[in-house]
Amino acid sequence: AALAWREAFAAGAAAPDYHAEGLLTATLGMDVETPPSAEAERYRRELAARLAGRQAELASRLEAEPGVAGVAYVSGVAGGSVEFEPRRAGTEDTRHGVRFLEADPGIFEVFGATLLAGRPFQDADLAGPAGAVVVNASSAEQVPGGGALGRRFRYLDASDDVRPGGVAEGGWYEVVGVVSDFPVELPYRWQGVPTLYHPVARGRLNPATLVVRTRGIAPAGFAARLREITTTLDPTLRLGEVSSVAYQQGQEERTRRLLPLG
């Protein structure tokens, strides 16, 4: 167990290429009832519409706060394996394990991730089938034959930890951008882990991780205001653990220093 922790922390020990200061994360969900079976479909549609409206309104209210610089929603992180379409006929495809998640188009700006190639998500990516994908540098580095940008891939297997229909096995996706590694979830191991981002419209995730970038105010100092705004908007919205990314990162660094990495 000690060896596993040592290797995990060593993998994340490089300097992060994102801006942790000012970042606040929180889980956000909405209470769901169990209606009679005859009304289940109507309730599902109503809940989806209400959730979309509440998430959009919450984001708008937060963005209007003088201490907020940006807001984004992301899903939980799931895992699977993918194969990239070969560059040339007759060559073997390229397979590797990945993490993947869904995120609204503002995620990269909110985290301060660096765009290394291609483009970030656009609103048009939300209009039709979710075929556009952005990958992190660690994922792009595992794709030989000219890199990942512009390449198509499909999932060979995928865990069911994401919204049904959000990620499908067998369907083709295209890499439209490459960004620097950054941690949507901050357990110790995140750098060097291939990660794929699928675009999703606000309101499509329940539960979701809410990410807020503050300015001129410490994230921990904004936590109470975040809870107040959420509860006032809709008491059925459930705001879970609120945490400063810089604080989480500091905890990891302190733990790292206590472990012998040599």
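## Contacts and the model

Contact means that heavy atoms lie within 4.5 Å. This is a predicted model, in which local features need pLDDT of at least 70 and side-chain atom pairs count only at pLDDT 80 or more, while totals for chains, interfaces and linings use all residues. Residues are numbered from 1 along each chain as its sequence is written, and side-chain values use heavy atoms, with hydrogens and water left out.

## Two nonpolar cores

A nonpolar core is a set of buried Ala, Val, Leu, Ile, Met, Phe, Trp, Tyr and Cys residues joined through side-chain atoms within 4.5 Å; buried means under 20% relative accessible area (1.4 Å probe, protein chains only). The largest such core has 26 residues, and Leu58, Leu62, Leu210 and Leu226 have the most contacts inside it. Two or more residues each come from β1 (23-30), α2 (40-63), β2 (68-74), β10 (208-214), α5 (219-233) and β11 (237-244). Helices (H or I, at least four residues) and strands (E, at least two) are DSSP runs, numbered from the N terminus. The largest share, six residues, is from α2.

Leaving aside residues up to four places away in sequence, Leu62 touches Val68, Val71, Leu210, Val212, Phe222, Leu226 and Ile229. Another core, of 22 residues, lies apart from the largest one and includes Val77, Ala103, Val110 and Ala113.

## An enclosed strand

Strand β3 (residues 78-84) has six of its seven residues buried, so it is largely enclosed by the rest of the structure. Seven bridges join β3 to the antiparallel strand β4 (residues 94-103); two strands pair if DSSP finds at least two bridges between them. Ala78 has Phe100 as its bridge partner in β4.

## A cis peptide bond

Pro207 is in the loop between β9 (195-199) and β10. The peptide bond from Asn206 to Pro207 is cis, with omega near 5°. Most peptide bonds are trans.

Note on methods: Buried < 20%, exposed > 50% of the residue type's maximum accessible area, 1.4 Å probe, protein only.
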